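Colleague: Could you walk me through this model, please? I would like to go from a single residue out to the packing around it.

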Amino acid sequence: MIRYPKEILSITTDCDLMIYGYVQMLFNGGYHINRFSIDCIKSATGISHNKVRESLQWLLDEGVIRKTNHNTYTALGNILPKNNYIGIMEDDLITIWEHKEAHKTLLHFIMLMGSRHSHKDFFIDKPYTVGFMARDYFCTQEGISPKTVSQYNSILEKIGVVYFYRERENTNIYGRVADKEYILRYAKKRTQKTVDKQHKTV
């Protein structure tokens, strides 16, 4: 189970969450860049130069990033917990940011992406594609109600960034819409394993 850096849970503004997510995406979403600038984030998100600078200052104070020169920054090792990989993609972040009603789901989105299974196993042969944490997990991690979790899930599903396979009332199987094939494959294999287990106990 992923243990999130304390700074994620202390973020209180939409802009700070967006910029945190964007920095995380740059370093852990397949881009693997060494440094970035204020203009890079401003151009991608449309957030004002001053607001980007303010949010980056907050990340500097938290020890998540450091300056390499006047306008360039790099991420430190604690952008993520050791040996974990959230793998946020730029298209998903921008889609969320383009829908104002989805801004409040940013933390939840980061949590969803970070809770995806990290290993190949019997169910799925591609890591970091499928998550299956129960609703109560997100309630505890984010300090929100079950109703709010369901509301956030519905918003993310509506704007097309997360796909949910609803297995039971309190449990979803989920991941990026682009990974729907893997999510459905996982759900089918998990269901079949449950059926086989029940037959063995009869």
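Modeller: Happy to! This is a predicted model, where local features need pLDDT of at least 70, side-chain atom pairs count only at pLDDT 80 or more, and totals for chains, interfaces and linings use all residues. Residues are numbered from 1 along each chain as its sequence is written, and side-chain values use heavy atoms, with hydrogens and water left out.

Colleague: Let's start with Ala44: is it buried, partly exposed or exposed?

Modeller: Buried means under 20% relative accessible area, exposed over 50%, and partly exposed in between (1.4 Å probe, protein chains only). Ala44 has a relative accessible area of 23%, so Ala44 is partly exposed.

Colleague: Which residues is Ala44 in contact with, leaving aside neighbours within four places in sequence?

Modeller: Ala44 lies in helix α3; helices here are DSSP runs (H or I, at least four residues), numbered from the N terminus. Contact means heavy atoms within 4.5 Å. With those neighbours left aside, the partners of Ala44 are Tyr22, Glu90 and Ile94.

Colleague: How are α3 and α4 oriented to each other?

Modeller: For α3 (residues 38-45) and α4 (residues 49-61), the axes come within 9 Å and cross at roughly 120 degrees. Angles under 35 degrees count as roughly parallel, over 145 as roughly antiparallel, 65 to 115 as roughly perpendicular and the rest as oblique. The pair α3 and α4 is therefore oblique.

Colleague: Which residues of α4 make that contact with α3?

Modeller: On the α3 side, the contact is made by Ile38, Asp39, Ile41 and Lys42. Across from them, α4 contributes His49, Val52, Arg53 and Leu56.

Colleague: Which residues touch the most other members of the largest nonpolar core?

Modeller: A nonpolar core is a set of buried Ala, Val, Leu, Ile, Met, Phe, Trp, Tyr and Cys residues joined through side-chain atoms within 4.5 Å. The largest one has 45 residues, and those touching the most other members are Val23, Phe36, Leu56 and Val162.

Colleague: What does Leu56 touch, not counting residues up to four places away in sequence?

Modeller: Leu56 also belongs to the contact of α4 with α3. Its partners beyond that sequence limit are Ile19, Val23, Phe36, Ile38, Ile41, Ile65 and Tyr73.

Methods: Axes are lines fitted to C-alpha atoms, for helices over the stretch in contact, and angles run from 0 to 180 degrees between N-to-C directions. Helices (H or I, at least four residues) and strands (E, at least two) are DSSP runs, numbered from the N terminus.
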